[in-house]
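Subject: Handover of a structure and its findings

Dear colleague,

Please find below the structure that I am handing over to you. The findings follow directly after it, and I would ask you to read them with the structure open.

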Amino acid sequence: MAARLLLRSAFRAATTCRAAPVPALTRGVTTGGIPTDEEQATGLEKVILKATKEGKDPYSMLKPKEYAGTKADPHLVPSVTNKRIVGCVCEEDNTAVIWFWLHEGEAQRCPSCGSHYKLVPHELPH
Amino acid sequence: MAHQAHAYHMVDPSPWPLTGAISALLMTSGLATTFHYKTTTLLFLGTTLLLLTMFQWWRDIIRESTFQGHHTTSVQKGHGYGMVLFITSEVFFFIGFFWAFYHSSLAPAIELGGLWPPTGITPLDPFEVPLLNTAVLLASGVTVTWAHHSIIEGARKPALQSLTLTVLLGLYFTALQAMEYYEAPFTLADGVYGCTFFVATGFHGLHVIIGTTFLMVCLLRHTHYHFTSKHHFGFEAAAWYWHFVDVVWLFLYISIYWWGS
């Protein structure tokens, strides 16, 4: 008899819809009650989140694009000012890195291998 | 905010590393004075300073991350590396104690009777409370994983329930182990058996307490909406640490409790 009662309550528990929606709590959370980054991120994290959504990479977090380094397809070097230091590893595994200042304006060439580098302005959010 | 051109966090000057170092000095010298002169003042002072340091340092980290947004994905990645390296160092810490145990138990000295457990030692039955402890920690591993999935899915209430359960299981383990320690028929002073047993399980118990505290802090933060469905590294670090504690117990159970009996 007890077993039948237990079975009946177990059946009822298993079949009732337990997917009752949780009431949306305050603080602007959408469903479930745990906020999302979109709702709660702040400061630099928020700035980067917004920029990433717009396809931008202001803080150079992604791998730099690859260029051929020719006159027609020079390495584009982003810079927040009007010059930036470039270190050219002319051939793979070279241990002597060729360092030089790249200034804005016409593309410059590496003094060792001749690859073309061009400074491009880089926007920083403030 | 963004006068930097990188996504990393250059931390503001802070006094807590200094107070932490001072507390380490006070605690170590305090331990020495306690042993030699039975005065606990220095030790008490050092411990208090340590607790204050931990509280304020980690409070500042929460302020920098949750409230100021300095923890970008690059920063989180670095924290991931850091936590993994720290846990690895703790693994090596325990390897030392397992080494000591196996050194003495694989070739038991003639002074012990040439056998393990040594003559006169009645080991704990591995299928009594130690087995329950194993079940408790394994279950807590399940509940903490449940909590993690709940957070990812944005489900606040299940996360609250599963995280609370995890903490309760951790506390249950500690209580059971404390009782076992009290009731054990052998002590720390009972030769190399007592020494390896209580030092290994004792340090494990300390790590359980640390892990439970870490999870309790996560529970508190969760109730205050600190975690988002994508960004909750503090919780992940606590969960990793908790799994580590569980794995160490499994090794302890197999080696010392089961094989060692």
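Across the interface of domain 1 of chain B and domain 2 of chain B, the rule finds zero salt bridges. Please bear in mind here, and throughout this message, that the model is predicted.

The two domains of chain B

Chain B is divided into domain 1, residues 1–70, and domain 2, residues 72–258. The centres of domain 1 of chain B and domain 2 of chain B, taken over C-alpha atoms, are separated by 24 Å. Where the two parts touch, eight residues of domain 1 of chain B are in contact with five residues of domain 2 of chain B. The size of an interface is often given as the accessible area lost when the parts come together. For domain 1 of chain B and domain 2 of chain B, the buried area is about 590 Å², and carbon and sulfur atoms give 65% of it. On the side of domain 1 of chain B, the residues that lose the most area to domain 2 of chain B are Ala7(B), Ile62(B) and Thr66(B), which together make up 54% of what that side buries.

Annotated regions of chain B

UniProt, in an unreviewed entry, places the feature "transmembrane region" at several spans of chain B, among them residues 35–58 and residues 240–260. In the model, residues 35–58 of chain B are 88% helix and 0% strand, and the end C-alpha atoms of this span lie 31 Å apart. Residues 240–260 of chain B are 95% helix and 0% strand, with 28 Å between the end C-alpha atoms.

Helix α2 of chain B

This helix covers residues 41–67 of chain B, and Phe55(B) is found in it. Is Phe55(B) buried or exposed? Because the relative accessible area of Phe55(B) is 57%, this residue counts as exposed, the cut-off being over 50%. Phe55(B) and Trp16(B) are 39 residues apart in sequence, and their C-alpha atoms are 9.7 Å apart in space.

Helix α2 of chain B also holds both Arg63(B) and Asp60(B), which are three residues apart, about one turn of the helix. Arg63(B) forms a salt bridge with Asp60(B), and the closest N and O atoms are 3.7 Å apart. Arg63(B) has a relative accessibility of 43% and therefore counts as partly exposed. Asp60(B) has a relative accessibility of 17%, so Asp60(B) counts as buried, the limit being under 20%. A network of salt bridges links Arg59(B), Asp60(B) and Arg63(B).

Chain A

Chain A has three helices and five strands. Which pattern does chain A follow along the sequence? The pattern of chain A reads α-α-α-β-β-β-β-β. Chain A has 126 residues, of which 23% count as buried. Its accessible surface comes to about 9,500 Å², and 58% of that surface belongs to carbon and sulfur atoms. Of the contacts in chain A between residues at least 6 apart in sequence, 35% join residues at least 24 apart.

Salt bridges in chain A

How many salt bridges does a search of the whole structure find over all chains? The search finds five. One of the pairs in chain A is Glu38(A) with Lys53(A), whose side chains meet in a salt bridge at 3.7 Å, N to O. This pair links distant parts of the chain: Glu38(A) is in helix α2 (residues 37–40) of chain A and Lys53(A) is in helix α3 (residues 43–53) of chain A, 15 residues apart. Glu38(A) is partly exposed, because its relative accessible area is 48%. Lys53(A) has 59% relative accessibility and so counts as exposed. The side chains of Glu66(A) and Lys63(A) also meet in a salt bridge, at 3.9 Å, N to O. Glu66(A) and Lys63(A) are both exposed.

Where chain A meets chain B

The contact between the chains takes 21 residues from chain A and 30 residues from chain B. The area buried between chain B and chain A is about 2,000 Å², and carbon and sulfur atoms give 61% of it. The count of salt bridges between chain B and chain A is zero.

Yours sincerely,
A colleague

Terms used. Residues are numbered from 1 along each chain as its sequence is written. Chains are lettered from A and ligands numbered from 1 in the order in which they are written. This is a predicted model: local features need pLDDT of at least 70, side-chain atom pairs count only at pLDDT 80 or more; totals for chains, interfaces and linings use all residues. Side-chain values use heavy atoms; hydrogens and water are left out. UniProt positions are given in the numbering used here, feature names are shortened, and annotations may be inferred rather than shown by experiment. Helices (H or I, at least four residues) and strands (E, at least two) are DSSP runs, numbered from the N terminus. Buried means under 20% relative accessible area, exposed over 50%, partly exposed in between (1.4 Å probe, protein chains only). Contact means heavy atoms within 4.5 Å. Accessible areas come from the Shrake-Rupley method with a 1.4 Å probe; for residues, only the protein chains shown count as cover. Domain bounds come from an automatic or database domain assignment. Buried area is the accessible area (1.4 Å probe) that two parts lose on being put together, summed over both. A salt bridge is a side-chain nitrogen of Lys or Arg within 4 Å of a carboxyl oxygen of Asp or Glu.
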